[in-house]
Amino acid sequence: MNRWGPGFPTHAALVLCGALLLGGCGSGAGGGHKDELLVWVDNTRTAAAQQYEKEHPDQKIRIVTIPPDAGYVPTKISLANRSKRGWPDLVFLANPAEAATLAADRFAYAAPLEGLVPGKTLDGFAPGSLDTCTFDGKVYCLRNDIAPTVLWYDAKLMEKYHYRAPTTWQDYQKLGLKAAAEHPGTIVGAVNGKYGAGTYFGSSGCPTRDTLSLTKVRIDTALATCTRVAEMLQPLAEKKAVTTIVPTDPAFAKLGSRNKILMLPGPAWFGDFMFKPAFKVPDGRIAAAPMPTWDGEDRSYSGQVGGGAFLISKHAGNRTKAAAAMATWLTTDTALQAKQPTYPAFTAAAAEWGKAKAKDPYYAANPVPVLTKAAAGLRPGFGAIRFEAEWQNSFNQTVGAATGGGKSLTDALSDWQKKLTQAAETNNYSVDQTAG
């Protein structure tokens, strides 16, 4: 998992290790030490890296566990660039958006994978999952896990209220208004930061982070793929059927304990990591449905809220092939990936992962077919950007504020456009509103 999804504990020892990293936390300074592979991974990926080390005794590997904090890896890479030493040969990104930073000329860290990873292997990843870190036609990462969005719902409440899970956004809106009127306090969604921008606007194809290259991004919130979301959410916001409370806030958990969460469009990991431990929804109640469809479209598209990625260093030298081999194993080994906590990006591994999930008694119905469909239906145009934090914050300052303040969400889109454009230009992008 990663910080886009459920948070994992960051121990003081790991932070201290990270602070000492470039001076050597363990043996040597790494990144250039003959044949020793320097690998940075988060706490969740450490065991997998150690397993690879055990199974490849001829390969010298030094594994360093780093915190998943936003900005940590770019900061350490920047220090390595200054000192010309200490680069990890392989690094795990808890936030895949940082691939845009590390591949840019300023950092010149990430190596394109052409020639390092076979095309057949790249084709084995979920459709569109590598688009996040594809710039100018070059792939810069291997995705470890992805977080496609689905429509989570409480099957027990649906049955009790004689409702059915909606298949279109129009029906979603109608059901949300009906539930708000008949069962006050009931919510059908969350409009906050990445959970609103990635789930609703991302799945609709609203171009707020469509990376055309490492220096050019498409942002155009005036398009119908954006305004249709605002128009759909407007009456739900007015009737308080959607909340601006972030799902990771303890206040949101109270909605679960009070049986007020009827539906919640959100990432695949919400089932295991939010409904069960945080919202305290009992076994046998939560089910997944495909994301609703929009008028004029005949298929369901998913947004993205999470997932991690591995990058290989341009500075790996004679360790480059070894780094590529390890990254490939970590992301594609079906036995390994089948046991990880979140949805694997590699399709064959996801199929194995799903076998255990299909038998999980927590769910009211097997969620795997829906999750599999969602993974194959990621909406294009959701790229890794160098203004990830601003993307989330600006959403809350504009669309989120309008949602909670009884104002026009459509009008708020123009304010979001301005803030996004400013953030993009500050991060050395040119903004295109006419491409595509």
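This is a predicted model: local features need pLDDT of at least 70, side-chain atom pairs count only at pLDDT 80 or more; totals for chains, interfaces and linings use all residues.

Reader: Which hand does the disulfide of C206 and C226 have?
Author: A disulfide is a pair of cysteine sulfur atoms within 2.5 Å, and C206 and C226 are joined with S to S at 2.0 Å. The torsion about their S-S bond is about 95°, so this disulfide is right-handed.

Reader: How far apart in the chain are C206 and C226?
Author: Helices (H or I, at least four residues) and strands (E, at least two) are DSSP runs, numbered from the N terminus. C206 lies in the loop between α9 (193-204) and β8 (210-211), and C226 belongs to helix α10 (residues 224-238).

Reader: Which hand does the disulfide of C133 and C141 have?
Author: The structure holds 2 disulfides, and in this one the sulfur atoms are 1.9 Å apart. The torsion about the S-S bond of C133 and C141 is about -65°, so the disulfide is left-handed.

Reader: Is C133 buried or exposed?
Author: Buried means under 20% relative accessible area, exposed over 50%, and partly exposed in between (1.4 Å probe, protein chains only). C133 has a relative accessibility of 1%, so C133 counts as buried.

Reader: Which residue has a side chain in polar contact with that of T132?
Author: T132 sits in the loop between α6 (119-122) and β4 (134-135), and T132 is buried at 5% relative accessible area. A polar contact is a pair of N or O atoms within 3.5 Å; within protein, one must be able to donate a hydrogen and the other to accept it, and residues adjacent in sequence count only if both atoms are side-chain atoms. At 3.3 Å, the side-chain partner of T132 is R143.

Reader: In β12, which residue is the bridge partner of D154?
Author: Two strands pair if DSSP finds at least two bridges between them. Strand β6 (residues 142-154) and strand β12 (residues 286-289) pair in the antiparallel sense over 4 bridges. The partner of D154 in β12 is I286.

Note on methods
Residues are numbered from 1 along each chain as its sequence is written. Side-chain values use heavy atoms; hydrogens and water are left out.
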